[in-house]
Amino acid sequence: MTLLRETRYPTPQELALAARALADEHPARVRLRRVGTSRAGAPLWLLSVDPGEGARDVLVVAGAHANEPVGGATALSLARRIVRDPALGAGAGWHFLLCADPDGAELHRTPRPYTLLDYHRNFFRPPGPEQPEWAPSLLAPDRLPPETLALTALIDELRPFLQVSLHGTDLGGSWVQLTRDIPGLAEPFGRSAAELRIPVETGASDAAGWPSPGPGIFVMPEPGAGPGGAFHPEDTRLSTWYRVHRHHGTTAIVEVPMWASALVDDPAPHPDPRHALRVLAARLTEDAARVAGPRDTVGGADPASAALLRAVDWTLALIPRITTEWTGPGAPVDATAAAIGSIDAFGRRLSLRAAAMLLRVLRIQGHPAAPALDRLVTGWCEEFSARFQARRVPVATQVEHQCRTVLATYERLAHASCAERV
């Protein structure tokens, strides 16, 4: 299937067909099985290479965020590479959850976006409680969605010594978040990024204040032990990222950009971070108000509109917490240009995502406010791209970098485990 040769983002259905073909071609080494069912009845597929063959297991999770579709292509590419060259990832059974949120993937349909506007035309990112990895941090155990229950059951079954969650960002650079430090990872990660002309996001807003043992590598603080930020409350330990700690495992979250920007890779000190953050907070508050106005005029009559509006409301509700964080006493006195650039991009994408999802609802309902919001989304996409001098990263390049980083993470962690035993 040439469409899966990393020229565009495959759908969950296409991934399953390609995985079935790989399992049929290599029945002695590859297995495909259904490990769960989504809320809408879609299958959750696990592709395993050499299950039970190694002394340890690796679990690779793709598609946890509907708007980050590169993970499925990476998972399939990595599985094929390991089948082709058994020396890759030797000593482990490899397991690939091809899409953790197939329902979300159905609502976010941008298989081959060439511009940020293309990407946002059919944008969807579910609210936190509906995200498979993050739901346990926000919901009681008896309210968890079936996708989360399937993932946690899989973690408890496999007891992986390494879990890798494949993520992507719309615009910026690449970085890795770890639940425990993996010594030596920064070197192969940075080398891959340099060879593929992908910026390393050295001041990722998702990891603000976290320990960084090397450029683009961030280690999550123990819950309650350090800055968490608006997206990382005290119960982060309940997320599926930390579930592997029950089994003495480690999780790595590998981020790669769809569009690259050198502004998130600038180590120079910013001249006045607190003033910059006040400006960014004011803009974000103003932009959110421009979305909230038309939002108050619509309701979600059909399932797609209801899902989109839940996501809009979740995103808008986050913004006051974030702007308070940017302007409060804990705002940094010192920061790099890269860190402020990352925060700038983060703020722009929040309001843009809310507007893009709301626009889809207005179009569905034939709402008279749709043309004005369409112009706003178009303008924000153009400003975002121009401000950050966005350069498109081909899908194949994104996949290559994630594959290299996953293998390097495995090799470094396996080496560290061996050294500890000695």
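Let's start at Phe388, in the loop between helix H11 (370–387) and strand E9 (391–392). Helices here are DSSP runs of H or I with at least four residues, strands are E runs of at least two, and both are numbered from the N terminus. Now, this is a predicted model, where local features need pLDDT of at least 70, side-chain atom pairs count only at pLDDT 80 or more, and totals for chains, interfaces and linings use all residues. Residues are numbered from 1 along each chain as its sequence is written, and side-chain values use heavy atoms, with hydrogens and water left out.

So is Phe388 buried or exposed? It counts as buried, at 1% relative accessibility. Buried means under 20% relative accessible area, exposed means over 50%, and partly exposed is in between, using a 1.4 Å probe and protein chains only. Setting aside neighbours within four places in sequence, Phe388 is in contact with Leu171, Ala260, Ser261, Leu263, Gly341, Asp344, Ala345 and Arg348. Contact, by the way, is heavy atoms within 4.5 Å. And for a bit of scale, Phe388 and Asp103 sit 285 residues apart in sequence and 32 Å apart in space, C-alpha to C-alpha.

Okay, on to helix H10, residues 337–364, and what it packs against. With helix H9 (residues 303–327) the angle is about 155°, and the axes are 9 Å apart. Those axes are lines fitted to C-alpha atoms, for helices over the stretch in contact, and the angles run from 0 to 180 degrees between N-to-C directions. H9 and H10 are therefore roughly antiparallel. The cut-offs: under 35 degrees is roughly parallel, over 145 roughly antiparallel, 65 to 115 roughly perpendicular, and the rest oblique.

Who meets whom there? On the H9 side, the residues include Leu308, Val312, Thr315, Leu316 and Trp326, and on the H10 side they include Ile343, Phe346, Gly347 and Ala354. By class, the contact of H9 with H10 has 16 nonpolar residues, 3 polar and 1 charged. Nonpolar here is Ala, Val, Leu, Ile, Met, Phe, Trp, Tyr, Cys and Pro; charged is Asp, Glu, Lys and Arg; the others, Gly among them, are polar.

Next partner: helix H8, residues 273–295. The axes of H8 and H10 come within 9 Å and cross at roughly 0°. That makes H8 roughly parallel to H10. Among the residues in this contact are Leu277, Leu280, Leu284 and Val291 from H8, with Ile343, Asp344, Gly347 and Ala354 from H10. The contact of H8 with H10 divides into 13 nonpolar, 2 polar and 5 charged residues.

Keep an eye on Ala354, which lies in H10. Ala354 is buried, with a relative accessible area of 0%. Apart from neighbours within four places in sequence, it is in contact with Val291, Val312, Thr315 and Leu316.

Now the core. How many residues does the largest nonpolar core have? It has 105, and the ones with the most contacts inside it are Leu47, Trp94, Phe96 and Trp326. A nonpolar core is a set of buried Ala, Val, Leu, Ile, Met, Phe, Trp, Tyr and Cys residues joined through side-chain atoms within 4.5 Å. H10 gives the most to this core, with 15 residues. There's also a second, separate core of 13 residues, including Leu44, Leu151, Leu154 and Leu158. As background, nonpolar side chains in soluble globular proteins tend to be buried together.

Over to the other end of the numbering. Helix H1 (residues 12–25) and helix H2 (residues 70–84) pack at about 10°, with axes 11 Å apart. That makes H1 roughly parallel to H2. The contact of H1 with H2 has 8 nonpolar, 1 polar and 1 charged residues. Leu22 lies in H1 and counts as buried at 8% relative accessibility.

Last stop, two loop residues. Asp50, between strand E2 (43–49) and strand E3 (56–61), has phi near 55°, a positive value in a residue other than glycine. Arg197 isn't a glycine either, and its phi is positive at about 60°. Asp50 is buried at 15% relative accessible area, whereas Arg197 is exposed at 54%.
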